[in-house]
Amino acid sequence: MNTGTFPQIFKHAVINPVYKGKGSRSEPLSYRPISTLPFFAKLFEKNIARRISEKVESHLSDNQHGFRSKRSCFTALTSLTHKATLALDNKKRFVGATFVDLKRAFDFVEPDKLLYVFKTKYLLDANYIALLYDYARDRSFTVLVNNEVSKPFHYNSICPQGSTVAPLLFSLYFDGIKDVLDIDYLLFADDLVLFTDSQDLSLVIQLLTNNLCKLNNWCLNYGMHINYNKTKWMLFHRTNVELTTTITVDNNYIERVTEFKYLGLWLDEKLSFIKHYEHVKSKIAAAIGGLNKLIRFLTPPLFKCLIKSMIYSIKDYALPIWGSIRP
């Protein structure tokens, strides 16, 4: 830590491609690359993350809920649904939300720009800057398939997959969007939602469009890219509304949806959570079916453990948000 060097032996990863279950098996994009880093590298990275976090945590936006103490998916969802519900209590108001998807967000973090941000914005000590610079250089990986190992491939990345410190570094890098956005937003790592409310529907759409344009320009300046095919927007409202206006950014059309799964919770235009209720019922029914096939082979303690992990975990997720619905 004092010398600002990251051991070269800690920079090698083994990639295990896992088929996603769809697409051609001969197409690389049909596989999810699971990266395994050395155990001691993770320990070192965890120590780095703790020390950097202590120095910069106070500068990080309150809108970031990912990988932070006392924050989680639940706190992000609570904040979003609470603000939307308060606005919708006035039946004349509309709430617009854009769920932004980034293309391989961690892979496009530019080390030089991140280190510049650390130096000028967060005033990080020189030895940490040197350490992170060395951390990002001369990394390598091999691919493991059917017990056969490929030749080493070299690449530079400050947020490699499987890294313990990468989520923090990305959060600090992406935190710069707070300087360009002028409407509410929430983050869980790279899961971003922009939202605003007004009695004027055209104003809601205008604000979403303008801020998406600002976000797009920021991303282009910082080497990141919005995936417009997966970016969606939704209008929350209490009354029926006919809408013909569309949102377009840099000649990219943003699809409007009536339902969207955000951080594991199905949202709909009325915030009724009926879709999520049906989703939970289906998942629990499948889990119970699986347990019924195994029950005669299980001891009572093991059966109780499986009930908690396979059923309660599904039922309890975000329950304070959707549990009061009337199906």
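**Before you start**

This is a predicted model, in which local features need pLDDT of at least 70 and side-chain atom pairs count only at pLDDT 80 or more, while totals for chains, interfaces and linings use all residues. Residues are numbered from 1 along each chain as its sequence is written, and side-chain values use heavy atoms, with hydrogens and water left out.

**Stop 1: the whole protein**

Show the protein as a cartoon, and you can look for 9 helices and 13 strands; these elements are DSSP runs numbered from the N terminus, with helices being H or I runs of at least four residues and strands being E runs of at least two. Along its principal axes, the C-alpha trace spans about 60 × 60 × 40 Å. Of the 327 residues, 43% are buried, where buried means under 20% relative accessible area, exposed means over 50%, and partly exposed lies in between, using a 1.4 Å probe and protein chains only. Among contacts (heavy atoms within 4.5 Å) between residues at least 6 apart in sequence, 68% join residues at least 24 apart.

**Stop 2: the nonpolar cores**

In soluble globular proteins, nonpolar side chains tend to be buried together. A nonpolar core is here a set of buried Ala, Val, Leu, Ile, Met, Phe, Trp, Tyr and Cys residues joined through side-chain atoms within 4.5 Å. Select Phe-118 and Ile-158, which touch the most other members of the largest core, a set of 60 residues. Helix 6, residues 201-221, gives the most to this core, with 8 residues. A second, separate core has 36 residues, including Ala-87, Leu-186, Val-193 and Phe-273.

Now return to Phe-118 and show what surrounds this residue: leaving aside neighbours within four places in sequence, Phe-118 is in contact with Leu-123, Leu-124, Ile-129, Leu-132, Leu-169 and Leu-172.

**Stop 3: the largest pocket**

A pocket is found on a 1 Å grid over the protein atoms alone, as an open set of points where a 1.4 Å probe fits, with protein on both sides within 12 Å along at least five of seven lines, and its lining residues have an atom within 4 Å of a point. The largest pocket holds about 1,700 Å³ of space. Select Tyr-31, Pro-33, Arg-104, Asp-107 and Gln-161, which are the closest to its centre of the 36 residues that line this pocket. Strand 2 (31-36) is one of the elements that supply at least two lining residues, and strand 2 has the largest share, with 4 residues. By class, the lining divides into 20 nonpolar, 8 polar and 8 charged residues, where Ala, Val, Leu, Ile, Met, Phe, Trp, Tyr, Cys and Pro count as nonpolar, Asp, Glu, Lys and Arg as charged, and the others, Gly among them, as polar.

**Stop 4: the second largest pocket**

The second largest pocket holds about 220 Å³ of space, and among the residues that line this pocket are Lys-46, Glu-57, Arg-68 and Leu-168. Helix 1 (39-56) and helix 5 are the elements that give two or more residues to this lining, and helix 1 gives the most, with 4 residues.

**Stop 5: single residues**

Which residues does Leu-60 touch, not counting residues up to four places away in sequence? Select Leu-60 in the loop between helix 1 and helix 2 (73-88), and you will find that Leu-60 touches Arg-68, Ser-171, Leu-172 and Asp-175. Leu-60 counts as buried because its relative accessibility is 5%. Although Leu-60 and Ser-171 are 111 residues apart in sequence, they are 8.1 Å apart in space, C-alpha to C-alpha.

Next, select Ser-140 in strand 4, a buried residue with a relative accessible area of 10%. A polar contact of 2.8 Å joins the side chains of Ser-140 and His-12; such a contact is a pair of N or O atoms within 3.5 Å, and within protein one must be able to donate a hydrogen and the other to accept it, while residues adjacent in sequence count only if both atoms are side-chain atoms.

Finally, compare two loop residues. Asn-147, in the loop between strand 4 and strand 5 (148-149), has a positive phi near 65° although this residue is not glycine, and Asn-147 is exposed, with a relative accessible area of 73%. Ala-189, in the loop between strand 7 (184-188) and strand 8 (191-198), has a positive phi of about 60°, but Ala-189 is buried, at 5% relative accessible area.

Conventions:
Grid points are joined across faces, edges and corners, and a volume is the space filled by probe spheres set on the points.
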